[in-house]
Amino acid sequence: MAYELYYWDGIQGRGEFVRLALEEAGADYIDVTRQPGRGTGAMIDIMESESEPHIPFAPPFLKDGDLIIPHVANILFYLGPKLGLAPKDEGLRHVVNGLQLTVTDFVAEVHDTHHPIDMSLYYEDQKQEAKARSAAFIRDRIPKFLGYFERVLRRNPKGANHMVGDALTYVDLSLFQVIEGLNYAFPKAMTKRKAEYPGLLALHDAVAKRPKIARYLASPRRLAFNEEGIFRHYPELDGVG
């Protein structure tokens with residue numbers, strides 16, 4: 001039975017972290033809201049269900065048979081062993097999960113650069129505040145998070161080809177997506193800082209060259225970044241730190 005992934009149509013968003021794992025594993029899955037005749041309504045029906053005992057608060061969520069798993073890190077913790085994208089060692093699986101949760105924290109801060117006050121307001125309604133938030137994000141938070149991930153990568157006892165262990169895990173794929181998104185949203189700032197994170201950039205390039213990922217990136221299933229998703233490019237926010 002195919003996995004069912006539920007996320008908003010038209011954007012990569014948080015659902016992309018799950019898609020990358022499913023694509024790398026060659027898993028059988030359905031991107032439900034992109035299906036004719038189902039769309040976003042099918043997702044909302046589950047979220048507002050009166051009969052489903054374990055309704056998710058928000059997408060993305062994954063449906064595996066009758067089981068519904070919400071939240072990116074939770075989904076990937078569930079899928080990782082099934083897809084061969086998590087260490088066999090139970091302790092290291094929790095290390096990978098901790099890194100993925102840190103990615104979650106970082107992505108939330110990325111989102112707040114363009115919506116620093118209120119998610120229900122348009123970007124144009126909080127542009128000045130977004131400029132201040134983005135300046136601080138570029139100056140302090142990008143080096144804080146990427147510097148941390150770079151150190152973890154360099155200290156991996158199995159070598160700096162992967163974040164954990166000696167084989168690809170889902171957090172490697174997620175960090176590829178983070179670098180892709182930051183390059184889109186803050187190209188000037190990332191160009192200035194790229195020499196500081198050689199390991200992460202090499203990991204990004206290696207993931208991009210993986211055959212299944214390369215095919216996915218070249219396919220129509222990989223939507224382009226746009227100004228409706230998490231990583232948004234507003235030139236006025238792209239300071240150089």
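## Salt bridges

In this predicted model, the side chains of Glu23 and Arg221 meet in a salt bridge, with N to O at 2.8 Å; the term denotes a side-chain nitrogen of Lys or Arg within 4 Å of a carboxyl oxygen of Asp or Glu. Glu23 belongs to helix α1 (residues 15-25) and Arg221 to the segment after α9 (211-217), so the pair ties together parts that are 198 residues apart in sequence. Helices (H or I, at least four residues) and strands (E, at least two) are DSSP runs, numbered from the N terminus. Glu23 counts as buried at 10% relative accessibility, whereas Arg221 is partly exposed, with a relative accessible area of 40%. Buried means under 20% relative accessible area, exposed over 50%, and partly exposed in between (1.4 Å probe, protein chains only).

The structure holds 15 salt bridges. One of them joins Arg133 and Asp112, whose closest N and O atoms are 3.5 Å apart. This pair links distant parts of the chain, with Arg133 in helix α5 and Asp112 in helix α4, 21 residues apart. Arg133 is partly exposed at 31% relative accessible area, and Asp112 is partly exposed at 24%. A further salt bridge connects the side chains of Arg139 and Asp140 (3.0 Å, N to O). Salt bridges that share partners also join Asp9, Glu16, Arg19, Asp31, Arg34, Glu180 and Arg222 into one network.

## Basis of the model

Residues are numbered from 1 along each chain as its sequence is written. Because the model is predicted, local features need pLDDT of at least 70 and side-chain atom pairs count only at pLDDT 80 or more, while totals for chains, interfaces and linings use all residues; side-chain values use heavy atoms, with hydrogens and water left out.

## Aromatic pairs

The structure holds 8 aromatic pairs. Rings of Phe, Tyr and Trp (its six-membered ring) pair if their centres lie within 6.5 Å; planes under 30 degrees apart count as stacked, over 60 as edge-to-face and the rest as tilted. The ring centres of Tyr6 and Phe61 are 4.8 Å apart and their planes stand at 10 degrees, so this pair is stacked. Tyr6 lies in strand β1 (residues 3-6) and Phe61 in strand β3 (residues 61-64), so the pair ties together parts that are 55 residues apart in sequence. Both Tyr6 and Phe61 are buried.

Elsewhere, Phe106, Phe137, Phe145 and Phe186 form one aromatic cluster.

The largest pocket has a volume of about 540 Å³. Of its 19 lining residues, the closest to its centre are Arg14, His111, Met119, Glu228 and Arg232. The lining divides into 11 nonpolar, 3 polar and 5 charged residues.

The second largest pocket has a volume of about 380 Å³. Of the 22 residues that line this pocket, Pro87, Leu92, Val164, Gly165 and Asp166 are the closest to its centre. Two or more lining residues come from each of α3 (72-83), α4 (90-114) and α5 (127-155), and α4 gives the most, with 3 residues.

A pocket is an open set of points on a 1 Å grid over the protein atoms alone, where a 1.4 Å probe fits, with protein on both sides within 12 Å along at least five of seven lines; lining residues have an atom within 4 Å of a point. A volume is the space filled by probe spheres set on the points, which are joined across faces, edges and corners. Ala, Val, Leu, Ile, Met, Phe, Trp, Tyr, Cys and Pro count as nonpolar, Asp, Glu, Lys and Arg as charged, and the others, Gly among them, as polar.
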